[in-house]
Amino acid sequence: EAAIVTKQLLSAINYCHERKVAHRDLKPENILIDRKEKGAVKVIDFGTSHLFDNQKLMHQMYGTTYYIAPEVLLGNYTEKCDLWSIGVILYIMLSGKPPF
């Protein structure tokens with residue numbers, strides 16, 4: 001089940017990144033699973049999202065403590081910060097506890 005959710009989550013974030021949108025606050029609370037649509041994953045809360053430019057780094061610190069990528073804390077990051085958050089979410093789904 002974790003693999004199915006992660007695959008859909010990666011697909012959703014890939015869709016966003018192709019359109020130059022970084023979510024910047026991925027966490028379990030911002031992921032819905034629609035049981036009526038056979039477990040379709042829905043990403044919500046784009047309040048901290050940002051239209052990014054491949055030529056520029058983002059500098060504003062957004063995110064939630066357990067899920068924030070180290071490069072966000074350093075103040076120079078790209079849309080790939082979303083992938084770190086997905087990795088943390090996967091770890092939690094598999095182990096039942098945060099990695100840190």
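Residues are numbered from 1 along each chain as its sequence is written, and side-chain values use heavy atoms, leaving out hydrogens and water. In this predicted model, local features need pLDDT of at least 70 and side-chain atom pairs count only at pLDDT 80 or more, while totals for chains, interfaces and linings use all residues.

**Helix α3**

Helices (H or I, at least four residues) and strands (E, at least two) are DSSP runs, numbered from the N terminus. Helix α3 takes in residues 81–95. At 1.5 Å a residue, its 15 residues should span 21 Å, and the end C-alpha atoms are 22 Å apart, which agrees. The expected span is 1.5 Å times one less than the number of residues.

The buried residues of α3 are Cys-81, Asp-82, Ser-85, Ile-86, Val-88 and Ile-89. Viewed down the axis of α3, they fall within an arc of 160 degrees, so they line one face of the helix. That arc is taken from the directions from the helix axis to the C-beta atoms. Buried means under 20% relative accessible area, exposed over 50%, and partly exposed in between (1.4 Å probe, protein chains only).

What do the buried residues of α3 pack against? Their partners are α1 (2–18), β1 (21–22), β2 (31–34) and α2 (70–74). Contact here means heavy atoms within 4.5 Å. Gly-96 follows α3, with a positive phi near 85 degrees.

**Salt bridges**

Side chains of opposite charge can pair when their charged atoms come close. A salt bridge is a side-chain nitrogen of Lys or Arg within 4 Å of a carboxyl oxygen of Asp or Glu. The count comes to 3 salt bridges.

| Pair | N to O distance |
|---|---|
| Arg-19 and Glu-18 | 3.5 Å |
| Asp-25 and Lys-27 | 3.6 Å |
| Lys-42 and Glu-37 | 3.4 Å |

Arg-19 is partly exposed at 44%. Glu-18 is exposed at 53%. Lys-42 is partly exposed at 33%, and Glu-37 is partly exposed at 45%. Asp-25 and Lys-27 are both buried.

**Cavity**

The structure holds 1 cavity of 30 Å³ or more. A cavity is a set of points, on a 1 Å grid over the protein atoms alone, where a 1.4 Å probe fits but cannot get out. The largest cavity has a volume of about 60 Å³. That volume is the space filled by probe spheres set on the points, with grid points joined across faces, edges and corners.

The lining comprises 13 residues; lining residues have an atom within 4 Å of a point. Arg-24, Gly-63, Tyr-67, Ile-68 and Ser-85 lie nearest the centre of the largest cavity. Helix α3 gives the most to this lining, with 3 residues.

How values were computed
1 Å grid on protein atoms, 1.4 Å probe; cavity = no way out; pocket = protein on both sides within 12 Å on 5 of 7 lines; lining within 4 Å.
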